[in-house]
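Hi,

Here is the structure I promised to hand over.

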Amino acid sequence: MSKGQGATLQETLMQKLDYDQLTNCMRCGFCLPACPTFKETGIEAESPRGRISLMKAAVDGLMEPGIRFEDQMNHCLGCRACEPACPADVKYGQLIEQARDAIEVHTTQHRWWVKGVRKLVFKELFPSQQRMQLLGTGLHFYKMSGIQKLVRKTGVVGLFSKHMATMEKILPDASGKGIVERLGTFIPAKGKKLGTVGMFRGCLMDVLFTETNISTVKLLTEAGFDVVIPESQNCCGALHAHSGETDQAKQMAKSNIRAFQEAGVDYIISNAGGCGAILVEYDHLLHDEEEWKEASTWFAKRVKDISSILVEKGRPLRFAETLSQQGPTRVTYQESCHLRNVMKGSQPTKQLLQRVSNTAYIEMKDSGSCCGSAGIYNMTQPEMANQILEHKMENVNATIASYVVTSNPGCLLQMKLGIDKHGQTGHMEAVHIADFLYDRLVKQD
Ligand code: SF4
Ligand code: SF4
C-alpha cells in the first residue's frame, strides 16, 4: 500500500476528492469522444469516465490505488475538453487536481533526482521572477555565444534524449529583460482612454516571449487602455496546481491578488490560455479560505484574455491594407484548450482573425482538440504527446495555411515542433495572436 506522511494514498484520496462530484458522474459516456487520450487509445481507463470510476473505486475501498492508478491520472492532459461535453456538469478539472494532489503526497514513482528537479523548478525557480530572468539571460547567452551552434553540430543533446534534441530546435529567443525593464510599469492609452487594465506578464512568457508581451501591451494601448504592469506579481501557479503542488499554487494566487488589487485595475489581461485558466479560477483555488473569498472573487471576475478585451471593450483596431499578388494570406487557428474549455474565450480570437485585411480565415478540423502540449505534458509523457501532435498536424496541414495562430505559449511551441516534424516547413509558420495582429496594425501617432 502506498504510504506517505502516515496516511495511505487511499485515505488521502478520501480526504481530498470531492465525493459529490464523483457521484455526479452518471457514466453516460458523452465525454468520451471529446477526450484526446481516449481517442488515441480507445481504452476506458484513459477516458474521463474511466478515470472518475478509478477515483471513486479507490475512495469506496473497492481497489487499492497503486502505480497503475497513478499512471492513469498522469496520462490525463488536463485539457478539460470533457467538461463542456458533460450534461451533468461534472467538475472533472477539480477532481483530477485533487487526485494529483493526493498522489503527490504519496508518490511512489518519483526518483530522488526527479524530486530534486521538482523542488528546484516549483519552489525556487517559478516563484521568483528574478531567477526566471537569470534563466532568460542564460538562454540568451546560449543562443548568441555560439554554444547552441556547437551543440547542434555535435548532436550532444540527442545522446541524452531524442525528444530533448527536438525541443532544443524550437527554443525561442529568450531574454534577460522582461517587459517592465523594456516598457516600465505604466504605459498610457493612445487617444481617448477607455479604462485601465493590468497586464499579467507570466513567468516563462516574460522570459521566452517578451516580444509577444510587448505586442500585447501595444495592442491594448492602441485599443484605448492605460496598462499597468504590477512589479510584485509572480507566476500564476498553474503548473503547481496541475502537478499536485496546491499549497504553493495558493501562495502564488494570494500574492497576485494583492499585486493587482493594489494597482486598482478594471481588468486583468492574460495572453496565455494556460495562465488565464487558473487566474479565472483563483476563487475556486482559495474556496476553503474564508478570508480570501472576497478578494479572490474580485480578481477572478476581472480576468480576460487579450482577444476578449479587444473585441468586447476596446476601440476597433485598424489593419493595414497590404495587397499580395498571391491573393489573401491563409490563416488558421489552433485553439488553446484552457482558453476554450475554461475561459470560454476562443470565439473573439477567431473574430479578430476575420477582421484582418487581406487574410482568408480557414477553420481547422478539430481546432479545439488538444495539440499535446498541455503544460509540461510533452516532456513528462512524450510518447502520447507525439502521437496526439502527429494526428493534429494532419488537420493543420489540410488547411494549407501560411500561419497557424495560437493563444498560448505552450501551443505555440508545440505547433512549431509539429511544423518542424510533420508539417510544411518553409511554407507554414506558427505565431501568437498578439504578434500576428500587432504586425498588421495601423498604429496611431
Ligand atoms: S482533461 Fe482532457 S485528457 Fe483528461 S480526461 Fe478530460 S478530455 Fe481527457
Ligand atoms: S459526460 Fe459527464 S456524466 Fe457522462 S460519463 Fe462523462 S463525466 Fe460522467
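A definition to start: Ala, Val, Leu, Ile, Met, Phe, Trp, Tyr, Cys and Pro count as nonpolar, Asp, Glu, Lys and Arg as charged, and the others, Gly among them, as polar. This is a predicted model, where local features need pLDDT of at least 70, side-chain atom pairs count only at pLDDT 80 or more, and totals for chains, interfaces and linings use all residues. Residues are numbered from 1 along each chain as its sequence is written, and side-chain values use heavy atoms, with hydrogens and water left out.

Cavities. A cavity is a set of points, on a 1 Å grid over the protein atoms alone, where a 1.4 Å probe fits but cannot get out; lining residues have an atom within 4 Å of a point. Points are joined across faces, edges and corners, and volume is the space filled by probe spheres set on them. The whole structure holds three cavities of 30 Å³ or more.

By type, the lining of the largest cavity splits into 13 nonpolar, one polar and three charged. Helix α4 (residues 48-59) gives the largest share of that lining, three residues. Helices (H or I, at least four residues) and strands (E, at least two) are DSSP runs, numbered from the N terminus.

The second largest cavity comes to about 80 Å³. Among its lining residues are C35, P36, R51, C76 and Y92. Both α3 (36-41) and α4 give two or more residues to this lining. Its make-up is eight nonpolar, two polar and two charged.

Cores. A nonpolar core is a set of buried Ala, Val, Leu, Ile, Met, Phe, Trp, Tyr and Cys residues joined through side-chain atoms within 4.5 Å. Buried means under 20% relative accessible area, exposed over 50%, partly exposed in between (1.4 Å probe, protein chains only). The largest core has 86 residues, and Y282, F299 and L310 have the most contacts inside it. A second, separate core of 24 residues includes C25, A58, Y92 and I96.

One loop residue. S369 sits in the loop between β9 (359-361) and α23 (377-380). Is S369 buried or exposed? S369 is buried, at 16% relative accessible area. Beyond neighbours within four places in sequence, S369 is in contact (heavy atoms within 4.5 Å) with P36, K39, Q334 and K392.

Best wishes

Terms used: Chains lettered and ligands numbered in written order. 1 Å grid on protein atoms, 1.4 Å probe; cavity = no way out; pocket = protein on both sides within 12 Å on 5 of 7 lines; lining within 4 Å.
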